[in-house]
Amino acid sequence: MDLIYDWDEPLYRNIAKKSESKQAVEDVKYARFVFYRRNMNRLSFRQGEKAILLGYYTAQSCRIIVVAVDKEFGGQGIGGALLKKAEIIAQKHGCKRIFTVTKGGRRFYEKYGYQITAKKSNGWEMTKKLQ
């Protein structure tokens, strides 16, 4: 899978819209805030114009803000491949865990070994320990 590491906000917003998830569109806006307001290491990559993953990592952990796949390409394992790539990057940078907060993606994350660690006002916090 050829990944493009960049931050093209209009393109990312467009891919999120094509995923038909209102939450994904909001999450791209949140990622913009995080990227510009906090001193974090950015995870920002996409597969062409089919899918995106946005997140960040610190010394100990990695947070996935959004994984969104254009609905036309859903069910092909693209989102899972992006998630696995983020886990590899997080491990290389010494992260011990990777986590996300999701409303509608619970089954997706469970499929890749994430477990519910807390109920938040904005969804489920799901975590996976990294080795």
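Modeller: Ala, Val, Leu, Ile, Met, Phe, Trp, Tyr, Cys and Pro count as nonpolar, Asp, Glu, Lys and Arg as charged, and the others, Gly among them, as polar. The model is predicted: local features need pLDDT of at least 70 and side-chain atom pairs pLDDT 80 or more, while totals for chains, interfaces and linings use all residues. Residues are numbered from 1 along each chain as its sequence is written, and side-chain values use heavy atoms, without hydrogens and water.

Biologist: How many residues of the lining of the largest pocket are nonpolar, polar and charged?

Modeller: By those classes, 13 are nonpolar, 14 polar and 7 charged. A pocket is an open set of points on a 1 Å grid with protein on both sides within 12 Å along at least five of seven lines, and lining residues have an atom within 4 Å of a point. This pocket has a volume of about 770 Å³, the space filled by probe spheres set on the points. Of its 34 lining residues, Val67, Ala68, Gly105, Phe108 and Tyr109 are the closest to the centre. Strand β4 (a DSSP run of E, at least two residues) gives the most to the lining, with 6 residues.

Biologist: What makes β6 and β7 a pair?

Modeller: Pairing requires at least two DSSP bridges. β6 (residues 115-120) and β7 (residues 123-129) have 5 and run antiparallel, so by this definition they pair.

Biologist: Why do β1 and β6 stand at the edges?

Modeller: The open sheet has the order β1-β2-β3-β4-β5-β7-β6, with mixed pairing. β1 (4-5) and β6 each have a single partner strand, so one side of each is left without a neighbour in the sheet.

Methods:
On a 1 Å grid over the protein atoms alone, a cavity is a set of points where a 1.4 Å probe fits but cannot get out, and a pocket is an open set with protein on both sides within 12 Å along at least five of seven lines; lining residues have an atom within 4 Å of a point. Helices (H or I, at least four residues) and strands (E, at least two) are DSSP runs, numbered from the N terminus.
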